[in-house]
Amino acid sequence: MTEIALRQIKAIIAVCEEGSFTRAAARENATQSGISQHVAAAERMLGVKLFERSTAGVTPTPAGQRYYRRCIEAVGQLANAAEEVRGFAARVSGDLRIGLIPTLTRAALAPALADFKSKHPDVRLHIVEGYSGWLTDMVHAGELDFAVVPASESRVGLKSRLIVRDREMLVSNRRFGLTPLQPVRLKDCGPLKIILPSRSNVRRRNIEVYCQTHGVEIADVIEMDAMISTLQFVLQSDWVAILSGLICIGDVEQPRAERVISPIHDPPLIAEFVVISPARRTLSTQAQLFLETFEAEIARIQEVWAKTIPAVVYPVRGRRGGAKS
């Protein structure tokens with residue numbers, strides 16, 4: 001039987017991920033008719049229909065979905081082989097395009113970046129800070145090699161790997177009345193005037209579900225997708241925020257920090273962060289090396305938190321100074 005050409009395999013992958021011959025053609029720098037012919041030729045050789053065509057778009061059949069998964073694996077193996085060979089080069093070089101959410105740029109990025117560049121000076125880095133939806137779209141479009149974002153539902157064309165499970169913290173001003181680093185139950189601290197990310201942010205849904213499930217009273221909400229402004233507003237007001245421990249570590253490591261960081265307790269609120277990348281590609285050598293360095297810095301931060309958070313939970317103090325249990 002005649003073998004299916006790599007260009008036909010790439011066409012099938014593109015159509016499956018884009019859901020459109022037109023968008024697949026634009027992604028592959030090909031014509032729509034060319035992509036359609038590649039797919040049709042593959043279907044003839046396989047003797048099975050891979051896609052259902054309609055005015056609404058193109059949807060893979062069960063056979064198409066299975067073939068897509070196998071094609072992704074095959075293309076990934078070819079890319080892995082190329083990266084392994086490049087690893088024999090004396091120096092790692094090339095471009096590396098990374099997307100990071102603000103949670104990760106405040107504390108974890110700078111040390112990791114300094115370490116990475118000292119070891120791999122020939123790598124040209126392009127780092128984009130943004131929120132998860134935008135970064136996910138950029139990875140899907142091939143504009144970023146990878147991004148680190150909050151875990152969410154999987155998306156066709158992307159693969160993900162858990163990078164860290166991080167504890168969420170209540171961040172307040174000292175005048176709010178909480179003891180620094182003392183675990184708190186959110187339901188004992190309300191009614192809260194709280195700054196939340198917008199509804200397009202994955203963390204917003206997680207926080208709201210936690211509050212509804214555990215009886216946390218909310219007095220007022222400000223939506224703000226601006227991390228530095230959130231931190232500054234908390235510092236200057238009686239509003240609070242719920243932020244990842246990764247971004248709060250800077251306040252913990254400063255001996256006279258004005259913001260109070262309180263681990264959320266009973267139960268803890270956990271945020272999961274994943275690295276996402278295009279399913280059709282393997283991570284380049286420079287991307288893998290950067291992730292190793294970045295994950296090492298995240299692990300260091302987690303170790304600091306493990307030594308910092310008290311093992312014994314004491315009664316917390318509310319904003320009015322009265323003991324609560």
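In the predicted model described here, the axes of helix α1 (residues 6-18) and helix α3 (residues 32-46) come within 9 Å and cross at roughly 110 degrees. Axes are lines fitted to C-alpha atoms, for helices over the stretch in contact, and angles run from 0 to 180 degrees between N-to-C directions. On the α1 side, the contact (heavy atoms within 4.5 Å) is made by Arg 7, Gln 8, Ala 11, Ile 12 and Val 15; α3 contributes Ile 35, His 38, Val 39, Ala 41, Ala 42 and Met 45. By class, the contact of α1 with α3 comprises 8 nonpolar, 2 polar and 1 charged residues. In this classification Ala, Val, Leu, Ile, Met, Phe, Trp, Tyr, Cys and Pro are nonpolar, Asp, Glu, Lys and Arg are charged, and the others, Gly among them, are polar.

Residues are numbered from 1 along each chain as its sequence is written. Because the model is predicted, local features need pLDDT of at least 70 and side-chain atom pairs count only at pLDDT 80 or more, while totals for chains, interfaces and linings use all residues; side-chain values use heavy atoms, with hydrogens and water left out.

Helix α1 itself is largely enclosed by the rest of the structure, since 10 of its 13 residues are buried. Buried denotes under 20% relative accessible area, exposed over 50%, and partly exposed in between (1.4 Å probe, protein chains only). Among the buried residues of α1 are Ile 9, Ile 13, Ala 14 and Cys 16, as well as Glu 17 and Glu 18. The end C-alpha atoms of α1 lie 18 Å apart, in agreement with the 18 Å that its 13 residues should span at 1.5 Å a residue; the expected span is 1.5 Å times one less than the number of residues. Just after α1, Gly 19 adopts a positive phi of about 70 degrees.

From α6, the contact involves Leu 109, Pro 111, Ala 112, Leu 113, Asp 115 and Phe 116, and from α11, Gln 286, Leu 289, Phe 290, Thr 293, Phe 294 and Glu 297. This contact of α6 with α11 has 8 nonpolar, 2 polar and 2 charged residues.

With 24 residues, α11 reaches 35 Å from its first C-alpha to its last, close to the 34 Å expected. Its buried residues include Thr 285, Ala 287, Leu 291, Ile 298, Ile 301 and Trp 305. Gln 288, also placed in α11, counts as partly exposed at 37% relative accessibility.

Val 216 is located in the loop between α8 (202-213) and β8 (218-223), and counts as buried at 9% relative accessibility. Residues up to four places away in sequence aside, Val 216 touches Leu 186, Lys 187, Leu 192, Tyr 210 and Cys 211.

Overall, the protein has 11 helices and 13 strands, defined as DSSP runs (H or I, at least four residues, for helices; E, at least two, for strands) numbered from the N terminus. Its C-alpha atoms fill a box of roughly 80 × 50 × 30 Å, taken along the principal axes. Of the 325 residues in the protein, 48% are buried.
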